[in-house]
Amino acid sequence: MPAYLIAHIDVQKPAQYEQYRTLSTLAMRAHDVKVLVRGGEAKVLEGKDLKRTVIMQFPSMKAAQAFYDSYQYRRARNAREGAAEVDMTIVQGL
């Protein structure tokens, strides 16, 4: 069953965040991640503006968790520290 990693990101330090983008892209390639949404135009219909949204598709919850826990993505997360506030969730698809 597919799983989706959904992140809402509020970037406070764009220059530092670029290093995260570079490292996270490498981690996504290493884990063969299917990126469905990565930023782009958004329109709030209800609730608060969540700034930047990223949605990635994985073959399973286990694969999504393995990506998140991977050395490659941990390097990206470390680079992002202090550059952005992030809410991130893995959800099981249908």
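User: Happy to begin at one end of a strand. Which residue in β4 is the bridge partner of Val-11?

Analyst: Good place to start, and keep in mind that the model is predicted. β1 (residues 3-11) pairs with β4 (residues 84-92) in the antiparallel sense, over 9 bridges. Within β4, Val-11 has as its bridge partner Ala-84.

User: And which helix packs on the sheet?

Analyst: The element to look for covers residues 14-30 and touches β1, β2, β3 and β4. Its direction makes about 155 degrees with that of β2. That is helix α1.

User: Now Ile-6: which residue is its bridge partner in β3, and which in β4?

Analyst: Let's take the β3 side of β1 to begin with: β3 (residues 52-58) pairs with β1 in the antiparallel sense over 7 bridges. There, the partner of Ile-6 is Ile-55. β4 also pairs with β1 in the antiparallel sense, and in β4 the partner of Ile-6 is Thr-89.

User: Which strands stand at the edges, and why is one side of each left without a neighbour?

Analyst: The sheet is open, has 4 strands with antiparallel pairing, and runs in the order β2-β3-β1-β4. Each edge strand has a single partner strand, so one of its sides has no neighbour in the sheet. The edge strands are β2 (34-38) and β4.

Methods. Residues are numbered from 1 along each chain as its sequence is written. This is a predicted model: local features need pLDDT of at least 70, side-chain atom pairs count only at pLDDT 80 or more; totals for chains, interfaces and linings use all residues. Side-chain values use heavy atoms; hydrogens and water are left out. Two strands pair if DSSP finds at least two bridges between them. Helices (H or I, at least four residues) and strands (E, at least two) are DSSP runs, numbered from the N terminus. Contact means heavy atoms within 4.5 Å. Axes are lines fitted to C-alpha atoms, for helices over the stretch in contact, and angles run from 0 to 180 degrees between N-to-C directions.
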